[in-house]
Amino acid sequence: MKFKAFLTDNGVSLLEKRFLPALDKMGRTCHLFLTREHAIFLHNLLNGDGIQSIAQFRKEALFDDYRISSQNDDRIAFSIDLSLLHRALRSVITIYAEFSGTHTGTGGASTSNRLQIKLVKKLPPHSQQPMPFLTFETKGYKSAVIQDVPISKPLSRSDVLELQAALDMAQDLPRTLVQVPDMNQLQNFVDRMKNVGDLIDVSITKYGDLHLQISTTLITLGAEFRKLTVIGEQAQVPVGDRDLSAQTRTQRAIQKGDAMTVQVSVKHFAKSLQCHLAKPDCAFYGIAPQGACLTVIFQFFIPGTRQTDKSISLHCRLPVLDPGSS
Amino acid sequence: MSSSAVEPEAPDLVCQLDNVQGMVDALTSVRWKRHQDAVVELSEHGIVLIVEESRCLQAKVYLQRELFIRYEYTAQGRPRFGVSLGLFVDCINAFSVPGHSNTIEIQYPGPDMQLLLKSVDSLGACIYAEIRTRIPDMVSWDYNFEPAGSSPLSFTVKSAALKEAIDDLEWPGSSIQIILQPVPPSVTFRGEGHGDLQIDFMYYVNTDLLIAFHCDHRVSYRYKYKFLRATTSNIPGSVIKDNRGSKLTIGRGGMLKVQHLVSVARPSIPHPHIDSAGYQQPSRIAYIEFFVKPEEDEATANDS
């Protein structure tokens, strides 16, 4: 079982500035699943009923000179503490940047100074048992640095298969997706809603409405966003719908089969919005068929264009607490 | 008004406010603990919210009708209802999302006696809320505040300094003595408990701190620290930032009145100049009043 690669500058900034801060909010530990073509960060796919998040990078998005081999079809998976990974990466970068900074313009710097990442087994101090680590290695102008991030034992063959199966399962797309108008604003709102109740009803219509509502015995608090961009199945807004209340409109849409409602935890919903730390270019919410889960899909553009960068993908699946009336 | 007979009954009050944050600030300033029941009273003059604790502390928030951009009041008498203050504040706070229209419409009662709120004027997005109200069960016990004598016993101090002084008095705790004396003109806060701490505000030494002072004879009363603290613990940041003053008056029997002014000015209108007293149009100010009863023994000693 071997893994060795060099992180590219783009890969460093993607992870350090964007994805690790976002993924850390999903949960401190996650699985890192490495295949011949992809590196995937997975939260809660095998265990638990928490929010699932899947951040997938094609190897070229993060690495060059990517080498992986294992007896399990060249797949390796282990769990890792994201805050340790983030700290290690930041520490390595300070040395790495120092070197690159002083040598820019000399031309040879980018090839001679590289940031290597590899899997190793080491004997930690005061221990008889060698332990697995994900190791970062680089050299600076006057110093070199090695950062060892402890990881779990690599997952067994059956666990890797299970992880792969769960990953395949998590790819089903909702029939209708609506685009979130302004993630910051929505996050602000949901953060304030959190004080009022624990469960939130999320309704999505084929007309492009996103309706959020918290309802307890003492209070009902809701927000409706309309005329959003729809991807997938759409429908015309019924005539005479305009002057109705948000609740009535949603009810009617559900009766006509033009909408679905699910109930999720407000905490999960707020967490899913934290993904905007990864600086996606847009975000879409949708409800999986049969109301199996609430899915949020983030889209990343190739810098300077409005074309989707297919080498990066991030989506979350929020467990549904009540199958709803859909 | 003959048409009103055929229409469904008009609500007692429909009003619109264009500065939600100001209302949140004003209400938050009387939120000294997590679960508080408040009584809201509506009238043609505005909305008053009252909270009370242990028959020793009462706070009132006056939201005068001038604060609202629309205020349609049709009720007979003065409708009152009970509401959870925490829920009410958290709920209104959801309307003050940055970058969103900050105008809300408040209506009472809804079909089921709820308090109805909704955002207005926001394109493509709408926030709404319904808060269940109760029949107010709080005994209407008025904190009759009467002047102590012919001349007032009062002082005005910078809100930030008052808050700081009261926060510092946490250490001795339990019971705080407030002394006003004319010679030299000064206000003293003294705490005796786990240790002694005395804070003096001298009128002539620092007129920036103690803005006004009226006292013709020495008075001294003791107040429970936790009640005193409640009067400044949630004073909004805007009050501190605007460098406002808080007025404290001692009335008959040692009843302490603490008044703060909270700005409900429209945030989009920049204030080119705010002078040191933080003066703004009076119509855009919410008045907050606290009434604190003194501890018993000291009160009788003073009255003799």
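**Close-up views of a predicted two-chain model**

**View 1. A four-stranded open sheet in chain B.** In this predicted model, four strands of chain B form an open sheet in the order 13-12-11-15, and their pairing is antiparallel.

View 2. Strand 11 (residues 175-181) and strand 12 (residues 186-192) of chain B run antiparallel and are joined by six bridges. Within this pair of strands, B:Gln177 stands opposite B:Arg190, a residue of strand 12 of chain B. Helix 3 (residues 159-168) of chain B packs on the sheet, where it touches strand 12 and strand 13 of chain B. The direction of helix 3 makes about 165 degrees with that of strand 13 of chain B.

**View 3. The interface of chain A and chain B.** At this interface, 21 residues of chain A are in contact with 20 residues of chain B. The two chains bury about 1700 Å² between them, and 58% of this area lies on carbon and sulfur atoms. Polar contacts, in turn, are counted for eight residue pairs between chain A and chain B, with both residues at pLDDT 80 or more.

**View 4. The side of chain A that touches chain B.** The elements that give two or more residues to this side are helix 6 (183-193), strand 12 (210-215), strand 13 (219-225) and helix 7 (246-255) of chain A. Strand 13 of chain A contributes the largest share, seven residues.

**View 5. Confidence along chain B.** The average pLDDT of chain B is 85, and 85% of its residues score at least 70. Within chain B, confidence is highest in strand 5 (residues 70-73), at 96, and lowest in helix 6 (residues 296-303), at a mean of 53. Residues 1-6 of chain B have a pLDDT below 50, and this stretch has zero contacts in the model beyond near neighbours in sequence. Over residues 274-280 of chain B the pLDDT also stays under 50, but the model has 14 contacts for them beyond four places in sequence. Where pLDDT is low, predicted coordinates should not be read in detail.

Conventions. Residues numbered from 1 in each chain as written. Chains lettered and ligands numbered in written order. Predicted model: local features only at pLDDT ≥ 70, side-chain atom pairs only at ≥ 80, totals over all residues. Heavy atoms only, no water. Pairing = 2+ DSSP bridges. Contact = heavy atoms within 4.5 Å. Axes fitted to C-alpha atoms, helices over the stretch in contact; angles between N-to-C directions. pLDDT = per-residue confidence, 0-100. Buried area = accessible area lost by both parts, 1.4 Å probe. Polar contact = N/O pair within 3.5 Å; in protein donor to acceptor, adjacent residues only side chain to side chain.
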